[in-house]
Amino acid sequence: MKSFSERCYEVLRKVPTGRVTTYGEIARALGSKGFRAVGMAMNRNPYAPEVPCHRVVGVGGKIGGFASGVDEKIRMLKSEGVDVVEGKVVNFDKVFMEL
């Protein structure tokens, strides 16, 4: 049986370039309420950037923490065409991916 973290990474692999999802959405997709556990899994992601943890944001598109720093997360998102202004994803509803 796969660990919770491995299951998180498996779900996250479905999020394509230019899209984002949330910690809560990954938890929901796994039948869990453990959005904080998802955040911990993303922080320990040994498969980055193949498993794109930079594409996981907080509720409403708020940019959360990132092992390489928030500025790097924003840079990576912008390089994929996701606009971020004042720490929040612009047009979140259009780039959010339900899992």
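# Legends to the close-up views

**View A. Cys53 is buried, with a relative accessible area of 9%.** Here buried means under 20% relative accessible area, exposed means over 50%, and partly exposed lies in between, with a 1.4 Å probe applied to protein chains only. The model is predicted, so local features need pLDDT of at least 70 and side-chain atom pairs count only at pLDDT 80 or more, whereas totals for chains, interfaces and linings use all residues. Residues are numbered from 1 along each chain as its sequence is written, and side-chain values use heavy atoms, with hydrogens and water left out. Cys8 is likewise a buried residue, at a relative accessible area of 0%. The closest cysteine sulfur to that of Cys8 belongs to Cys53 and lies 11 Å away, too far for a bond. Cys53 accordingly takes part in no disulfide, a disulfide being a pair of cysteine sulfur atoms within 2.5 Å. The count of disulfides by this rule is zero.

**View B. The protein chain contains five helices and four strands.** Helices (H or I, at least four residues) and strands (E, at least two) are DSSP runs numbered from the N terminus. Along the sequence these elements follow the pattern α-β-α-α-β-α-β-β-α. The radius of gyration is 12 Å, close to the 13 Å that the globule rule gives for 99 residues, so the chain is as compact as a globular protein of that length. That radius is taken over C-alpha atoms, and the globule rule is 2.2 Å times the number of residues to the power 0.38. The C-alpha trace spans about 40 × 25 × 20 Å along its principal axes. Of the 99 residues, 41% count as buried. Among contacts (heavy atoms within 4.5 Å) between residues at least 6 apart in sequence, 64% join residues at least 24 apart.

**View C. The largest nonpolar core has 18 residues.** A nonpolar core is a set of buried Ala, Val, Leu, Ile, Met, Phe, Trp, Tyr and Cys residues joined through side-chain atoms within 4.5 Å. Cys8, Leu12, Ile26, Val38, Met42 and Val56 are the members with the most contacts inside this core. Helices H1 (4-12), H2 and H3 are the elements that give two or more residues to the core, and H1 supplies the largest share, four residues. Apart from this core lies another, of 10 residues, which includes Leu77, Val82, Val89 and Val95. In soluble globular proteins, nonpolar side chains tend to be buried together. When neighbours within four places in sequence are left aside, Cys8 contacts Ile26, Leu30, Val38, Ala41 and Met42.

**View D. The side chain of Ser5 makes a polar contact with the side chain of Arg44, at 3.4 Å.** A polar contact is a pair of N or O atoms within 3.5 Å; within protein, one must be able to donate a hydrogen and the other to accept it, and residues adjacent in sequence count only if both atoms are side-chain atoms. Ser5 belongs to helix H1 and is buried, with a relative accessible area of 14%. Residues up to four places away in sequence not being counted, Ser5 touches Ala41 and Arg44.

**View E. Helix H4 spans residues 70-79, with Lys73, Ile74, Met76 and Leu77 buried.** Seen down the axis of H4, the buried residues fall within an arc of 160°, so they line one face of the helix; the arc is that of the directions from the helix axis to the C-beta atoms. Asp71 and Ser79, on the other side of H4, are exposed. The cover over the buried residues of H4 includes helix H2 (23-29), strand E2 (56-57) and strand E3 (84-85). Gly81, which follows H4, has a positive phi, near 90°.

**View F. Backbone geometry at Pro49, Glu86 and Asn91.** Most residues other than glycine have a negative phi, and most peptide bonds are trans. The peptide bond from Ala48 to Pro49 is cis, with omega near 0°, and Pro49 is found in the loop between helix H3 (35-43) and E2. Glu86, a residue other than glycine, has a positive phi near 50°. The loop between E3 and strand E4 (88-89) holds Glu86, which is exposed with a relative accessible area of 82%. Asn91 is not a glycine, yet its phi is positive, about 55°. Asn91 sits in the loop between E4 and helix H5 (92-95) and is partly exposed, with a relative accessible area of 47%.
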